[in-house]
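User: I am new to this structure and would like a close look at a single part of it. Please take me through that part step by step, giving the cut-offs behind each term.

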Amino acid sequence: MAFEGLTNRLQSVFGKLRGKGKVSEEDVNEAMREVRLALLEADVNFKVVKEFIAKVKERAVGLEVMKSFTPGMVIIDIVNKELTELMGGTQSKLAKSNKPPTVILMAGLQGAGKTTSSGKLAKMLLKSNNRPLLVACDIYRPAAIKQLQVLGEQIGVPVFSLGDQTSPVDIARSGLQHAKDNGNDYVIIDTAGRLHIDEALMDELRQIHEATKPDEVLLVVDAMTGQEAVNVAESFHSQLELTGVVLTKLDGDTRGGAALSVKAVTGCPIKFAATGEKIEPLEPFHPERMASRILG
Ligand code: GDP
């Protein structure tokens, strides 16, 4: 289960504080040292950890935790609030164009879960009575188009494709026109991923961006890859202005580093959290719920 290690570690730190009627400054410092280690072990970016601990300490001093009758509870509350802030504070909603269709560009490395997440996003939109169109722009990975078509059929969402002999930029442009002609209010463009970030991938994404002027550029990252997911997000963001992140595979035993660092490092909010291989509606990411879940 995701975050298990982190949750166990934090519970043990807070358990010690809770048992005390009063805590000394040394108790708080000791607790913070342990929280710091727990976060580093959960693969949270070290700069993020440093700032986080500094903020918690600052708040703790301001609130005079030491004089409180329930110092443990006060500290947990502070950590909870700071964890929530770290992940963006409030839920960041999907953009909606006032001139439909709303265009959503899905980007990411191969295997991150782009195609699966595109399907989940379409299902979520369908559930709220929208008429999404999926556009198959991954012409390189064998069977990628077929995968999207099968998925579209399964959930009852149309898939626009021009096969694998047309350039992705032309497919995206035609797909957008098709949506306009057919009254689709959301266009989800599934693009190609590579094993590594390279110029060709970025160039193609930039061209699709130019041709379709998306309202959302969502980077799909695999939470299981930890800090690597954050590095990927940073490089994509430097080359293509991202509007949000879809964090996938949160059902796996991820240590949580990506979820806790990506917003702080890139400034890009996590908009959705994905779990499971089945095509269920994508879940909006709620920082406060995730913080509570981490604290157990
Ligand atoms: P793409 O190359 O980025 O389009 O990745 P795919 O959507 O094809 O997904 C790659 C693999 O990850 C597939 O086996 C998916 O079933 C699996 N996958 C995608 N999202 C999730 C998720 O949230 N949880 C789990 N456990 N598996 C996922």
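Analyst: Lys271 is buried, its relative accessible area being 7%, where buried means under 20%, exposed over 50% and partly exposed in between, with a 1.4 Å probe and protein chains only. This is a predicted model, in which local features need pLDDT of at least 70 and side-chain atom pairs count only at pLDDT 80 or more, while totals for chains, interfaces and linings use all residues. Residues are numbered from 1 along each chain as its sequence is written, and side-chain values use heavy atoms, with hydrogens and water left out.

The side chain of Lys271 meets that of Glu216 in a salt bridge at 2.7 Å, N to O, the term standing for a side-chain nitrogen of Lys or Arg within 4 Å of a carboxyl oxygen of Asp or Glu. This pair links distant parts of the chain, 55 residues apart, with Lys271 in strand 7 and Glu216 in strand 5 (residues 216–222); strands are DSSP runs of E with at least two residues, and helices runs of H or I with at least four, numbered from the N terminus. Glu216 is also buried, with a relative accessible area of 0%.

Strand 7 (residues 270–273) pairs with strand 6 (residues 244–248) in the parallel sense over three bridges, pairing being assigned if DSSP finds at least two bridges between two strands. Within this pairing, Phe272 of strand 7 is the bridge partner of Val246. Strand 7 also pairs with strand 8 (residues 283–284), here in the antiparallel sense over two bridges, and Glu283 in strand 8 is the bridge partner of Ala273.
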